[in-house]
Amino acid sequence: MAVQQAPSHLGRLVCLFAFLLLLHSGYSTFEHLSYLKAIDGHESGLPQDIVIELMASVAIFGLGIVMVADDFKEILMETEMAKQTIESLDARPSFYGFNHRGRAVFRNVSFKK
């Protein structure tokens, strides 16, 4: 079993930088659209620098996520079954029925002692 490592602080900083860059590109988009509305210009798309900034922020954010993520865990059933005991596999509390319907069925029957 692999030792779990703490997430990289550099990866968190990269994610923070990418998030700030994403916010800046959103703000730049808002400013550009406000400018177009003020001069009654038609929408011809976003400027290239905003699009490049957006794409760069998404790529940098993906890199940061990869740096922060832990190692993959195995999904094989044998690995998970090896961790459990037979007592934990056999015990199914949902099948324990302590409140039976016998009282409702035999409500009118009187038992003689």
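User: Before we start, what do "buried" and "exposed" mean here?
Analyst: Buried means under 20% relative accessible area, exposed means over 50%, and partly exposed is what lies in between, with a 1.4 Å probe and protein chains only. This is a predicted model, in which local features need pLDDT of at least 70 and side-chain atom pairs count only at pLDDT 80 or more, while totals for chains, interfaces and linings use all residues. Residues are numbered from 1 along each chain as its sequence is written, and side-chain values use heavy atoms, with hydrogens and water left out.

User: OK, how many helices and strands does the chain have?
Analyst: The chain has five helices and zero strands, where helices (H or I, at least four residues) and strands (E, at least two) are DSSP runs numbered from the N terminus. Read from the N terminus on, the elements run α-α-α-α-α.

User: And how much of the chain is buried?
Analyst: Of its 113 residues, 12% count as buried. The chain exposes about 10600 Å², and carbon and sulfur atoms supply 64% of that area, which comes from the Shrake-Rupley method with a 1.4 Å probe; for residues, only the protein chains shown count as cover.

User: Let's look at α2, which residues are on the face turned away from its buried side?
Analyst: That face of α2 carries the exposed residues Gln48, Ile52, Met55, Val58, Ala59 and Val66.

User: Which residues of α2 are buried, then?
Analyst: In α2, Ile50, Glu53, Ser57 and Gly64 are buried. Seen down the axis of α2, these buried residues fall within an arc of 55 degrees, so they line one face of the helix; the arc is that of the directions from the helix axis to the C-beta atoms.

User: Why would residues a few places apart point the same way?
Analyst: An α-helix has 3.6 residues a turn, so residues three or four places apart point the same way.

User: What do the buried residues of α2 pack against?
Analyst: They pack against α1, and the buried residues of α1 in turn pack against α2, residues 48-68. Contact here means heavy atoms within 4.5 Å.

User: Switching to α1, how far apart are its end C-alpha atoms?
Analyst: The end C-alpha atoms of α1, which covers residues 9-38, are 43 Å apart, and this agrees with the 44 Å that its 30 residues should span at 1.5 Å a residue. The expected span is 1.5 Å times one less than the number of residues.

User: Which residues are buried in α1?
Analyst: Among them are Gly11, Val14, Ala18, Ser25, Thr29 and Leu36.

User: Why does Thr29 count as buried?
Analyst: Thr29 counts as buried because its relative accessibility is 18%. The side chain of Thr29 reaches the backbone oxygen of Ser25 at 2.8 Å, and, leaving aside neighbours within four places in sequence, Thr29 is in contact with Leu46 and Ile50.

User: What about Asp49, where is that one?
Analyst: Asp49 is in helix α2, and it counts as exposed because its relative accessibility is 53%. Asp49 and Ser25 are 24 residues apart in sequence and 9.0 Å apart in space, C-alpha to C-alpha.

User: Last one, where does Asp40 lie?
Analyst: Asp40 lies in the loop between α1 and α2. Its phi is near 55 degrees, a positive value in a residue other than glycine, and at 70% relative accessibility Asp40 counts as exposed.

Note on methods. A polar contact is a pair of N or O atoms within 3.5 Å; within protein, one must be able to donate a hydrogen and the other to accept it, and residues adjacent in sequence count only if both atoms are side-chain atoms.
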